[in-house]
Amino acid sequence: MLQELGTARLTAPSGCTVVAYNFPSWHPSPFMEKIFGKKWTEFETLKKSKPLYPGHLFPKYPLWGYFNEADPAWSEKEVQAAADHGIGVWMIDWYWHSGTMFYHEQLEDGFLKASNFSKLKFALMWANHDWKNVYPARSPNDAALLLAQTHSEQDCLKVIDYCIDRYFHQPNYWRLDGALVFGIFDMGKLAKGLGGADGMKRAFDGMRQRVQKAGLGELHIQANQSYGGHETKFKELGVNSATSYHTFGWTFGGRPPGGLSPYCDGAIATIRAWKKNRGRCNVPYFPDCPVGWDDSPRFGRSAHMVTQRSADQYELLLRAARHSVSDQRNKIVFLSSWNEWTEDHVLLPDTTHGFSYLEAVRRAFQS
């Protein structure tokens, strides 16, 4: 780790903002219920998962039992756990497909109605990718398309109008340098749908004008995963910062399906990705720390599975990320993720690791 960072000793800057991605598929959502039946959640996929090799620690179950995250009482428990362990922001995956929405109930009916919601800030990452039936599927490529993602300038304005109406006025919506943070998962897909980089810039300009007209100040647009080759000109296009949603991503490329990789390999690849992305992006880049990766509940033997992970190794990666932002004005570290149960990157306490990953976060950023 020290060799990859090019240092003999880690620095430990204070005042880091810790942001955890939140994937809200753990409550009944009407769009999904129409397809899979009443009260369905992705927990059904987790429950049916099986170990695929000797020592495979699956399925992992929530330590507190299965839950409905759109219930304010449950949300209060999650908020308290995050705040108690040094997490300051939830970056919530948000799904809008030309006006069709799902999974927003966690935010609107759960988090924003929790009595302690002000203990955490929140922001949205528009997860602007096609939605497939992975519950389960033979492989990512074989999964049936449930809902395609299309883009138009008018739809981008509708997105921002909805956010202005429902979210941006909240006192705990996350701002960076005073501007409302709005993340976008796939910049390449967005640009393609808008006719290219110029169309994307026009859409961003229009979105900003809407926010300003509403009296809410500035909009900070963040690239959260796929850059589409635009990273060297983000600033000119109106993108303010960049990060990653999980830097392993081995299921979708890089390594053959069905393989096993030790966590340490992923951690080194992650540090290298930080350096590469920071060098290519012409806006501030913030590192992401993946807990692990194993999407065998979704894809069985076509999955890629990270092995030999532990909270101690994760803490080392967190401390590496803390060191890597020591020279930045905004010291921000992302964590993937709070609750990706069927991809095996979960900070919430589970029946295998208990609270150890949350405790690693607290040690890394509060000591």
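Me: Where in the chain does His304 lie?
Reply: His304 lies in the loop between helix H11 (296-299) and strand E13 (305-307). Helices here are DSSP runs of H or I with at least four residues, strands are runs of E with at least two, and both are numbered from the N terminus. This is a predicted model, where local features need pLDDT of at least 70, side-chain atom pairs count only at pLDDT 80 or more, and totals for chains, interfaces and linings use all residues. Residues are numbered from 1 along each chain as its sequence is written, and side-chain values use heavy atoms, with hydrogens and water left out.

Me: Is His304 buried or exposed?
Reply: His304 is buried, with a relative accessible area of 2%. Buried means under 20% relative accessible area, exposed over 50%, and partly exposed in between (1.4 Å probe, protein chains only).

Me: What does its side chain touch?
Reply: The side chains of His304 and Ser261 are joined by a polar contact of 2.8 Å. A polar contact is a pair of N or O atoms within 3.5 Å; within protein, one must be able to donate a hydrogen and the other to accept it, and residues adjacent in sequence count only if both atoms are side-chain atoms.

Me: New topic, salt bridges. How many are there?
Reply: The count comes to 20 salt bridges, taking a side-chain nitrogen of Lys or Arg within 4 Å of a carboxyl oxygen of Asp or Glu. One of them pairs Glu42 with Arg298, with the closest N and O atoms 2.9 Å apart.

Me: Where do those two sit?
Reply: Glu42 is in the loop between helix H2 (30-36) and helix H3 (43-47), and Arg298 is in helix H11, so to speak of distance, they are 256 residues apart. Glu42 is buried at 0% relative accessible area, and Arg298 is buried at 8%.

Me: What about Glu108, which partner does it have?
Reply: Glu108 forms a salt bridge with Arg166, and their closest N and O atoms are 3.0 Å apart. Glu108 is in helix H5 (residues 105-110) and Arg166 in helix H6, so the pair ties together parts 58 residues apart in sequence. Glu108 is buried, with a relative accessible area of 15%, whereas Arg166 is partly exposed at 36%.

Me: OK, aromatics. How many pairs?
Reply: The count comes to 40 aromatic pairs. Rings of Phe, Tyr and Trp (its six-membered ring) pair if their centres lie within 6.5 Å; planes under 30 degrees apart count as stacked, over 60 as edge-to-face and the rest as tilted.

Me: Why is the pair of Phe67 and Trp74 stacked?
Reply: Their ring centres are 4.3 Å apart and the planes are at 10°, so Phe67 and Trp74 count as stacked. Both Phe67 and Trp74 are buried.

Me: And how do Phe168 and Phe182 pair up?
Reply: Phe168 and Phe182 are edge-to-face, 6.5 Å centre to centre with 85° between the planes. Phe168 is in the loop between H6 and strand E7 (175-176), and Phe182 is in strand E8, 14 residues apart.

Me: Last one, how many residues does helix H8 have?
Reply: Helix H8 (residues 197-213) has 17 residues and reaches 24 Å from its first C-alpha to its last, close to the expected 24 Å. That expected span is 1.5 Å times one less than the number of residues. Buried residues of H8 include Met200, Phe204 and Val211.
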